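Colleague: I am new to reading protein models. Could you take me through one, feature by feature?

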Amino acid sequence: MALTQRLEFRQSQSLVMTPQLMQAIKLLQLSNLDLATFVEDELERNPLLERASDGPEPPVAGEASPERNEFSGHDDAGYASGHDDGGDHSDFSDRSAGGGDSFDAPAPDEWMNRELGTRAEIEQTLDTGLDNVFSEEPAEAAARNAQDAAPTAYTEWGGGASNDDSYNLEAFVAAEVTLGSHLAEQLAVAFSSPAQRMIGQYLIDLVDEAGYLPQDLGDVHERLGASTGDVESVLGALQKFDPPGVCARSLSECLAIQLREQNRYDPAMQALVEHLDLLAKRDIGNLRKICGVDDEDLTDMIGEIRRLDPKPGLKFGSARTQTVVPDVYVRPGPDGGWHVELNSDTLPRVLVNQVYYSELSKTIRKDGDKSYFTDCLQNATWLVRALDQRARTILKVATEIVRQQDGFFTQGVAHLRPLNLKAVADAIQMHESTVSRVTANKYMATNRGSFELKYFFTASIASADGGEAHSAEAVRHHIKQLIDGESPSLILSDDTIVERLREAGIDIARRTVAKYREAMRIPSSVQRRRDKQSMLGNALTAPATPSDRTQSDRTPDRSRDTAPA
């Protein structure tokens with residue numbers, strides 16, 4: 001077979017990922033906070049981008065501002081009404097127009113050019129001597145002027161309101177005290193030795209936001225070059241700092257520190273704190289045997305445990321909860337439908353400054369500068385288009401979700417339908433990946449609360465009678481309703497829940513019920529039975545004043561109970 005050279009023409013289509021396309025895809029999946037940060041960076045980087053102003057347009061040169069026109073029109077109207085009344089205002093108008101008895105006020109320039117005359121003429125005009133008018137000596141006048149030059153308004157000293165843009169009210173707000181700084185202040189008072197302060201500061205740096213230290217502190221003395229006794233001594237002092245329970249290594253130790261602070265850590269309470277796992281399981285029988293107390297004393301002890309703070313460090317500088325800002329609002333329409341609109345506060349408003357670019361293009365001579373500003377113009381134009389396309393796509397996807405899940409908005413979670421990305425993508429003629437990016441980190445505010453867009457996409461569960469499939473979220477809601485409505489004497493097991501669901505037309509396996517129950521953090525039927533029976537027992541016993549019972553009041557009862565045991 002001979003090898004030859006030849007020319008061929010082929011026509012094919014391929015998708016090229018240009019930088020602009022990659023930018024549009026990136027913007028599509030950003031949240032509103034990330035998008036605002038991205039736009040701020042672009043505004044700093046691109047000189048042709050500018051933020052669109054929400055306020056009124058600036059007045060043209062030589063033309064009064066709207067506020068000024070409104071104020072001037074108000075004065076002119078009041079003046080004309082006085083002139084029409086024919087009263088005193090009309091006489092004043094005639095005089096000011098140039099009547100015989102007019103009062104000619106001197107112009108500003110005339111004040112500077114008018115001669116004051118001699119001293120005698122001035123005294124005759126003022127009907128007194130100049131010493132009575134200007135009685136201060138030059139030194140006294142200078143002192144008075146210096147005193148008058150001092151700030152007289154409260155705002156000039158830095159307080160009060162100010163119209164200056166550089167005035168920052170947050171600069172006067174006290175900084176929030178953190179847990180580390182609060183412990184460091186106590187450390188400086190508790191220890192005088194530099195070595196102990198170094199060990200204490202190292203341990204304080206290990207404290208997490210809840211106020212706990214790591215359980216294993218074995219390598220601390222090796223890193224600091226200190227003995228184990230010194231580390232334990234400093235740790236014991238730190239555990240006495242405020243807030244009570246701080247610098248503990250476990251929940252039991254945290255509660256024990258607080259009980260010692262209240263002088264309530266007796267042997268029975270120590271046994272209870274050391275067996276918190278039984279308390280979590282509501283195993284009252286074993287706890288009563290271990291602690292050696294009766295039901296009334298055990299109820300008092302459990303009440304004291306509940307009044308303690310398991311996370312004392314959260315009182316200082318805890319992380320602030322960030323409120324979710326919805327991207328889409330859904331409101332009932334006047335025709336019985338739903339009105340879907342974008343949240344304009346989350347949409348960045350940027351414009352391309354074409355005027356600035358046209359001025360620069362006339363003065364720029366270097367090729368490098370021309371190419372730079374040409375790229376800036378192209379990037380700015382693409383960014384504006386990408387932001388507009390992002391807003392349109394979000395609105396289109398949200399509108400289709402509302403149309404598909406109309407039963408949820410009208411009647412609640414129980415009527416949530418199964419929905420996947422492909423159904424929405426086919427309805428709006430887009431790709432599934434585009435819908436997936438749009439629904440990521442986007443929230444919708446509805447009449448039933450704020451939900452992430454991905455919340456409305458749920459798997460389907462077959463119907464027992466062969467009818468329409470059920471949404472997985474609706475099934476979870478049904479399971480929660482069954483468990484919330486159960487009585488303490490009739491706790492529903494997973495098998496019983498499966499039977500109830502099949503009676504309602506939902507075909508589901510027991511392991512699926514257990515998975516949904518665990519996802520909602522609902523304990524098993526055994527644990528729920530213990531919890532509800534314990535709550536019922538506490539309600540029946542109901543001690544009159546458990547907080548008034550002191551340690552001395554309980555000690556004789558325990559001794560009598562422990563003797564037969």
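Modeller: Start with one term. Buried means under 20% relative accessible area, and exposed means over 50%. Keep in mind that this model is predicted.

Colleague: Which residues of H9 are buried?

Modeller: Leu179, His182, Leu183 and Leu187 are the buried ones in H9. They lie on the same side of H9, because they cover an arc of only 140° around the axis. Glu185 and Val189 sit on the other side, and they are exposed.

Colleague: What do the buried residues of H9 pack against?

Modeller: Two helices: H10, residues 194-206, and H12, residues 228-238.

Colleague: Now the whole protein. How many helices and strands are there?

Modeller: The protein has 27 helices and eight strands. Of its 565 residues, 30% are buried. The accessible surface comes to about 37300 Å², and carbon and sulfur atoms own 51% of that.

Colleague: What do the contacts say about the fold?

Modeller: Take contacts between residues at least 6 apart in sequence. Among these, 60% join residues at least 24 apart.

Colleague: Which residues form a nonpolar patch on the surface?

Modeller: Leu15, Met17 and Met22 do, with about 350 Å² of accessible area together. Met22 belongs to helix H1, residues 19-28. Its relative accessible area is 48%, so Met22 is partly exposed.

Colleague: How should I think about salt bridges?

Modeller: Side chains of opposite charge can pair when their charged atoms come close. A search of the whole structure finds 19 salt bridges.

Colleague: Where does the Glu304 and Arg264 pair sit, and what does it tie together?

Modeller: The side chains of Glu304 and Arg264 meet in a salt bridge at 2.7 Å, N to O. Glu304 is in helix H17, residues 295-306, while Arg264 is in the loop between H13 and H14, so the pair ties together parts that are 40 residues apart in sequence. Both Glu304 and Arg264 are buried.

Colleague: How far apart are the closest N and O atoms of Asp507 and Arg502?

Modeller: They are 3.9 Å apart, in a salt bridge. Elsewhere, salt bridges that share partners join Asp494, Asp495, Arg510 and Arg517 into one network.

Colleague: What should I look for in the backbone?

Modeller: Look for exceptions. Most residues other than glycine have a negative phi, and most peptide bonds are trans. Asp242 and Pro243 are joined by a cis peptide bond, with omega about 5°. Pro243 is in the loop between H12 and H13.

Colleague: Which loop holds Cys247?

Modeller: Cys247 is in the loop between H12 and H13. Its phi is positive, about 65°, although Cys247 is not a glycine. Cys247 counts as buried, at 0% relative accessibility.

Colleague: What is the phi of Asn441?

Modeller: It is positive too, about 60°, and Asn441 is not a glycine. Asn441 lies in the loop between helix H22 and strand S5. With a relative accessible area of 40%, Asn441 is partly exposed.

Notes:
Residues numbered from 1 in each chain as written. Predicted model: local features only at pLDDT ≥ 70, side-chain atom pairs only at ≥ 80, totals over all residues. Heavy atoms only, no water. Buried < 20%, exposed > 50% of the residue type's maximum accessible area, 1.4 Å probe, protein only. Helix = DSSP H or I, 4+ residues; strand = E, 2+ residues; numbered from the N terminus. Arc of directions from axis to C-beta. Contact = heavy atoms within 4.5 Å. Patch = residues over 30% accessible without salt bridge, like charges linked within 9 Å, V, L, I, M, F, W, Y side chains within 5 Å. Areas by Shrake-Rupley, 256 points an atom, 1.4 Å probe, with all protein chains shown as cover. Salt bridge = Lys/Arg side-chain N within 4 Å of Asp/Glu carboxyl O.
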